[in-house]
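Reader: I'd like to learn how to read helix packing, cores and chain contacts in a model. Could we go through them together?

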Amino acid sequence: MVDLRRRRGTLFIVILIVCAAFFISLQISGRYGGDFLHNVVLRIISPPQRAVHWVSKSIRTFFEHHVLLVDLKKENLRLREEVRHLRRENDELREAAHTVERLQHLLLFKKLVPAAMIPAEVIAYSPSAWFRTIVINKGLRDGVQKGMPVVTWEGVVGKVMRTSPGSSVILLVIDRNSSIDVLVQRTRTRGIVEGDGGSRCQLRYFPRTDDIQVGDLIITSGLGGIFPKGLSLGETSKVEKKDYGLFQVVEVRPSVDFSRLEEVMVILSPTEEREG
Amino acid sequence: MLRVLVPLVAGMIWLVLATALVGFLPGRLPPPDVVLIVVIIFGFRYSLPLGGGLSFLLGLLQDVLSGGVIGLNALSKTVVFSLTRVIARRFYFSHWGSKIAMVFLGGVVDGLLTSVILFIGGGIHIPGAVLARMLLLHILCTGLLSPLVLVITPRFSDLGERGNEDIFHYEGKKARTRGI
């Protein structure tokens, strides 16, 4: 007979695995989305995430503005002081110019897209390689709701997946679970762009008889009800027409560089419709 | 209480650091799985109920923070913990290379398990070659980070009370924890 007291550790592990499997099955069957759990954890984790973000940003700024100037000590004191001062000023001006440029692009974009938008800062990235998401510093308190599109002046970033009062999780277009109705700008042919989980997207259901070339611009069609029409999503980087099958294999390089995302815009469109 | 809280806090700190600092990585690289390394450390140090519970909680936290399927990492991290504990009880893990090798093995198990669950749930529709490349890169990044986490985390965990869970029962006799 099995001695349960001696096997209680194993039993506990089995219970944990069954619990996890139960959670997964609930979500796969669509009976539970996990919103409550996300909300609670995001509330707790957001402040330390912001703090770490602030510290890392400060350290980077410190390194860029001060530590990198240490080499100038080899020169005489007066020149070193002058050079350091000028470099720091130059760095600050360059940074200011970059910021102005980014904000100008955002303002221009805001004029082009006739919808209410709010700017947000990226404060964290997904800790898992399986889900390409980011966390922004705007949430329910700022009017951000689930399903709202997130963009930059370069193009589409993704859509709001989870919200908490002070922050939101954004599902990036390169995530495997993302799909957006699009148009090829040159030929106006429709297709669906899905993320590949890496740094690229795939254009799905694009008939093999239709014309598409490397470098063609892919824009949102506006048909999903989430993204306004005409936003840039990327350009085709590889077109492969096999000898069989109904569709072509088209790889899309997103117009947004997701590794350099700092500020994004959330389009506050009160739509409930889902895309993909 | 302290011996539960301290390793849990250590894991959470790594997770928060990882989420905030992933942005500094080059764009094409997947984020290293710090929770996996922490769970493997738990496998060397803690008993089934304590380590298993902590691994489950950290996995759950990772699921919530990544916005993905809740329970996915909770399940895979609990399995990796159990596997590490089984292996650590049978082999002597004193060399750093062997511990890092355990991280690579854990990465393979974690990746395969996650892929299988996502495949069954219909969450994977990317070519096998792309998936394999992503998995390998993910394991490589995690393995490269592992020396740092393997050095710091046990020192931090030592701040907590070290109880009976650090002692393995081996052939009827008590033996000190092997490895870390």
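Reader: How are α2(B) and α3(B) oriented to each other?

Author: Two packed helices are described by the angle between their axes and the distance between the axes. In this predicted model, α2 (residues 34-45) and α3 (residues 48-66) of chain B pack at about 175°, with axes 9 Å apart. Angles over 145 degrees count as roughly antiparallel, so that is the term for α2(B) and α3(B).

Reader: Which residues make the contact?

Author: From α2(B) come B:Val35, B:Val38, B:Val39, B:Phe42 and B:Gly43; α3(B) brings B:Gly51, B:Leu54, B:Ser55, B:Leu58, B:Gly59 and B:Gln62. By class, 6 are nonpolar, 5 polar and none charged.

Reader: Thanks! And what should I look for in the largest nonpolar core?

Author: In soluble globular proteins, nonpolar side chains tend to be buried together. Here the largest such core has 92 residues, and A:Val157, A:Ile170, A:Leu233 and B:Val38 have the most contacts inside it. Helix α2 of chain B gives the most to this core, with 10 residues. A separate second core has 6 residues, including A:Phe131 and B:Met134.

Reader: What does A:Val157 touch, beyond its neighbours in sequence?

Author: Leaving aside neighbours within four places, its contacts include A:Val150, A:Ile170, A:Leu172 and A:Leu261.

Reader: Finally, how many residues does each chain bring to the contact between A and B?

Author: Chain A brings 44 and chain B 46. On the side of chain A, α1(A) gives the most, with 12 residues. That side has 24 nonpolar, 16 polar and 4 charged residues.

Technical notes
Residues numbered from 1 in each chain as written. Chains lettered and ligands numbered in written order. Predicted model: local features only at pLDDT ≥ 70, side-chain atom pairs only at ≥ 80, totals over all residues. Core = buried A, V, L, I, M, F, W, Y, C linked by C-beta atoms within 7 Å. Buried ≥ 20, exposed ≤ 12 C-beta atoms within 10 Å, placed from the backbone. Helix = DSSP H or I, 4+ residues; strand = E, 2+ residues; numbered from the N terminus. Contact = placed C-beta atoms within 7 Å. Axes fitted to C-alpha atoms, helices over the stretch in contact; angles between N-to-C directions. Parallel < 35°, antiparallel > 145°, perpendicular 65-115°, else oblique. Nonpolar A, V, L, I, M, F, W, Y, C, P; charged D, E, K, R; others polar.
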